[in-house]
Amino acid sequence: MTSAEHFISLITVASAKKLATALVVCFIIYHGVIHLIYGSDSCKWLLTEGRYKGDKEWQPYGCMMHHYTQTDSRRCMRYLAFMGHRNHFAFIGDIRVRQLYKSFVSQFMVDGKASDLTELPENSDLGFNDGQLKLNVQFLWRPRLDNSMIMDLRGWMNTDAPSVIVAGSAAAVILANNNSDTQLYSEYSTGLIRLVQPVDFLAKKGSQFLWLLQDPVLKERLPAQLSSLDNKQVNLCNKAAEKILSHSETHIWQSSKLVGTGVLEQSPDGYLASPLSLRHKVQILLNTYCNDHMNFDDGSCCSYPEPATTLQLLSLSALALCITIGGAAWLYRKFCKYRSEMSYSHVTTEEVEDAEEAGTSEVIQVKQPEVQDFYTLITSLALFSIILAYFYLCDRTNFFMKENKYYSEFSFWLPLGYILALGLFFTEDRERGPSALNREQTDEWRGLMQAVVLIYHVTGAKNVLPIYMYLRLINSAYLFLSGYGHFCYFWQTGDVSLVRFARVRIRRVVLFLLRLHFCLETNPCVTGHVQAKFIGGIAVPLHEQALPVLPLRAVSVVLVPSYLLPGLAAASNIFWKFGRIRPEGLIVLRSEAAGTRVDNHHIVHVRVQVFFEKVFVTRPWKALFVTTDDDIREWWSRWRVDRYSVAWGLTFGAGLVALQRIDHIPGTALSSLLALVSLIAYTTFTILCHSVSECEEIHSYVAFIPIIGYIALRNASLALRGKHSALLAGLGRISLETLVAQGHIWLAADSHGVLVLLPRFPVLNLLVTSFIFICASHEIHRLTHVLAPYAVPNDWKLVARNLLLFITVLVPIGIHDGMF
């Protein structure tokens with residue numbers, strides 16, 4: 001064996017997981033050292049460093065910046081006023097600070113128009129007040145660091161001081177000392193030194209003082225009166241400010257200079273800030289002031305995590321106990337001199353899926369181990385606990401950095417094309433011969449869809465309507481495959497026992513319930529975070545658990561002849577009692593007898609919403625689904641889009657079984673052409689529809705067309721049926737784990753941002769976090785198969801016992817959280 005072959009033989013799943021573990025340990029040490037040396041104050045990061053992304057949006061170093069609309073800005077001030085805060089801002093300086101003041105005030109103008117200040121003298125003081133918001137913003141014209149600025153600060157020492165003071169100036173002193181850099185540095189430094197004492201005093205009163213570093217200038221564009229300004233002198237003033245004010249309570253706003261420098265070419269006269277630069281600076285100010293109070297999902301800068309709850313501490317203790325016992329058992333078995341004389345039985349952990357999970361008509365039984373030993377159980381729980389602890393560290397703390405997403409056509413399509421090329425490169429033949437929609441093919445399909453979902457989430461492509469609708473189509477395809485797989489399994493085995501049902505659920509529920517209670521928060525201001533995770537992690541299982549009522553649902557969606565509609569309208573109460581799971585009809589139910597018009601569409605629509613409210617707003621599970629205002633829009637929206645998807649999969653499974661019985665699977669050129677047309681038609685539909693609501697309303701009725709079209713193209717010939725992509729199939733087998741884990745250890749802030757382990761290198765960071773994320777998902781997949789036999793034994797009585805014990809544990813938790 002050559003050295004190259006030996007190296008390739010070392011590249012295994014186990015070695016990849018060891019490398020991922022080593023990387024996590026290294027990054028924990030690295031970020032721990034950063035926190036020890038530089039601190040963990042994300043406000044300091046926001047005001048110090050950042051960069052422009054490709055779309056010219058500002059990205060602070062290590063944290064996420066929320067974009068405050070006018071509504072968000074006013075809501076923040078109104079909330080703080082209600083809580084007793086004084087929203088008092090003071091801007092002190094020259095014309096650049098005056099620009100910033102005007103941009104800041106425009107955020108709160110109800111009519112959306114900035115105040116007309118052009119008629120006022122340039123050197124006049126300005127003020128803005130809003131009684132509803134208890135907002136007072138003032139601008140003081142102080143172009144030089146002289147006695148007037150010092151007296152303003154000293155005056156606030158004896159009165160109510162502003163909450164935030166933004167100051168900065170340099171042009172006037174540069175023009176006055178243009179012939180001598182030494183004299184300029186001396187005069188500017190003297191003024192800064194005089195600032196320190198009043199600033200430190202105001203800081204003790206709770207005021208935040210920001211010193212605005214000066215942006216560079218474009219000398220060739222400067223007007224005549226400013227033509228003597230030079231960037232060398234501007235940098236000299238900034239250097240003096242950083243040297244002197246860094247020893248005081250002043251917050252040096254260094255990122256304002258970086259913001260201005262990045263778009264300096266857009267400056268109107270080479271000195272004044274551009275509109276884009278002003279917009280970013282105002283956003284930084286608002287993020288500094290509001291984020292810790294508003295709890296926006298995409299605003300982690302200046303937002304501090306809530307303290308750990310009692311439930312989180314108990315969960316941490318349980319995880320620590322599992323890790324301790326599991327580590328001790330591993331060490332005992334590893335180093336005990338009698339280990340060779342002891343026999344242990346291992347749980348088989350083959351990569352074998354249930355038929356309904358793979359979405360295929362081939363039934364493969366999972367062999368249960370005869371002996372389940374304590375060592376396997378405790379070490380598996382210990383590994384599972386370590387992964388959950390990593391979940392908590394990434395998701396519920398600010399230990400690791402987070403950044404906003406960035407979308408561009410290039411960032412979305414390039415990785416997708418790369419994954420497709422790799423998928424084709426790893427194409428293999430199917431061992432058991434070609435067949436329609438076989439196990440490997442459905443795994444490949446899931447893997448392809450999961451790759452698109454991951455790229456969609458990490459790039460933030462939600463605002464691109466065609467891509468968004470294709471993601472909705474992918475969600476429908478997942479449910480389609482679930483309905484199809486359930487039907488095929490039940491058709492061939494007839495196994496509808498409690499044990500079988502529990503085994504299907506255990507892989508989905510164990511991980512989710514553990515992370516739900518582990519990450520649960522009791523602060524009502526932030527319960528939406530957990531509910532968003534609940535929706536993302538359990539939406540698919542909820543749809544699948546509706547399988548027992550699918551026959552009733554299939555009957556309820558049959559279109560009724562129009563001459564029967566008056567009778568249905570008259571018997572609406574009976575219809576509601578027996579057919580409430582039917583969504584609003586494709587057509588408007590109406591009757592025009594005796595000159596009247598009955599719109600039954602509205603009746604059914606409203607009553608289905610009432611049914612949803614009764615389901616989701618009923619205790620004890622109400623707290624898991626809705627916020628304090630009982631809002632079920634997210635659940636209603638998801639059901640409305642995918643209400644037929646499982647039924648389409650059920651129907652397709654029945655049709656495919658019938659075709660297989662007569663040994664006729666369509667594979668003609670005409671069927672392939674029609675399938676291609678169906679995909680093109682759906683793509684055209686996503687481009688032509690004008691709004692999300694319009695697209696989603698039509699999508700639920702036509703989603704099965706492109707899904708079946710893809711199946712027809714993928715099975716157009718025996719050669720295509722007999723081949724599959726091993727890479728995509730492997731990703732498909734862990735699709736559920738990646739779906740659950742992505743919002744915790746790959747994305748950040750409830751999927752509104754991305755996790756940053758390696759700052760300043762966004763592409764390399766994405767590769768590293770993706771590698772760790774895939775390895776963790778694969779290990780979770782393995783551990784759930786190991787732990788499943790312990791939770792779901794072969795005997796239904798033991799299953800019922802375990803279920804009762806599980807409920808017994810959950811009830812006290814629910815009582816503690818006010819669910820009952």
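This is a short tour of the structure above, giving selections and what each one shows.

**Ground rules**

The model is predicted: local features need pLDDT of at least 70, side-chain atom pairs count only at pLDDT 80 or more, and totals for chains, interfaces and linings use all residues. Residues are numbered from 1 along each chain as its sequence is written, and side-chain values use heavy atoms, with hydrogens and water left out.

**Whole chain**

Select everything. The chain has 34 helices and 13 strands; these are DSSP runs, numbered from the N terminus, with helices being H or I of at least four residues and strands E of at least two. Of the 820 residues, 50% count as buried, where buried means under 20% relative accessible area, exposed over 50%, and partly exposed in between (1.4 Å probe, protein chains only). Accessible areas come from the Shrake-Rupley method with a 1.4 Å probe, and for residues only the protein chains shown count as cover. Among contacts between residues at least 6 apart in sequence, 80% join residues at least 24 apart; a contact means heavy atoms within 4.5 Å.

**Stop 1**

Select V25, I29, V33, L36, I37 and Y38. Together they form a nonpolar surface patch with about 660 Å² of accessible area. Patches are made of residues with over 30% relative accessible area and no salt bridge; like charges are joined within 9 Å, and nonpolar side chains (Val, Leu, Ile, Met, Phe, Trp, Tyr) within 5 Å. I37 counts as exposed because its relative accessibility is 58%.

**Stop 2: helix α9**

Select residues 231-245, helix α9. At 1.5 Å a residue, its 15 residues should span 21 Å, and the end C-alpha atoms are 21 Å apart, which agrees. The expected span is 1.5 Å times one less than the number of residues.

Which residues of α9 are buried? They are Q233, V234, C237, N238, A240, A241, I244 and L245. Looking down the axis of α9, these buried residues fall within an arc of 155°, so they line one face of the helix. The arc is that of the directions from the helix axis to the C-beta atoms. An α-helix has 3.6 residues a turn, so residues three or four places apart point the same way. On the other side of α9, K232, K239 and K243 are exposed. Now show what covers the buried residues: the cover includes α7 (171-176), α8 (181-204), β7 (208-212), β8 (251-253) and α10 (254-262).

**Stop 3: salt bridges**

A salt bridge here is a side-chain nitrogen of Lys or Arg within 4 Å of a carboxyl oxygen of Asp or Glu. The count comes to 19.

Select E57 and R279, whose side chains meet in a salt bridge at 3.1 Å, N to O. E57 lies in the loop between β1 (50-52) and β2 (58-60) and R279 in helix α11, so the pair ties together parts that are 222 residues apart in sequence. E57 is partly exposed, with a relative accessible area of 29%, and R279 is partly exposed at 30%.

Next, select R144 and E187. Their closest N and O atoms are 2.4 Å apart in a salt bridge. R144 lies in the loop between β5 (135-141) and α6 (147-156) and E187 in helix α8, so this pair ties together parts 43 residues apart in sequence. R144 is partly exposed at 29% relative accessible area, and E187 is partly exposed at 31%.

Then select K281 and D215, which form a salt bridge at 2.8 Å, N to O. The pair links distant parts of the chain: K281 is in helix α11 and D215 in the loop between β7 and α9, 66 residues apart. Finally, select K17, E779 and R782, which salt bridges with shared partners join into one network.

**Stop 4: two loops**

Select S303, in the loop between α11 (275-294) and α12 (310-335). S303 counts as buried because its relative accessibility is 11%. Leaving out residues up to four places away in sequence, S303 touches S42, N291, D292, N295 and N398.

Move to N295, in the loop between α11 and α12. N295 is buried, with a relative accessible area of 15%. Its phi is near 55°, a positive value in a residue other than glycine.

End at D750, in the loop between β12 (747-748) and β13 (753-756). Phi of D750 is near 55°, again positive in a residue other than glycine, and D750 is buried at 11% relative accessible area.
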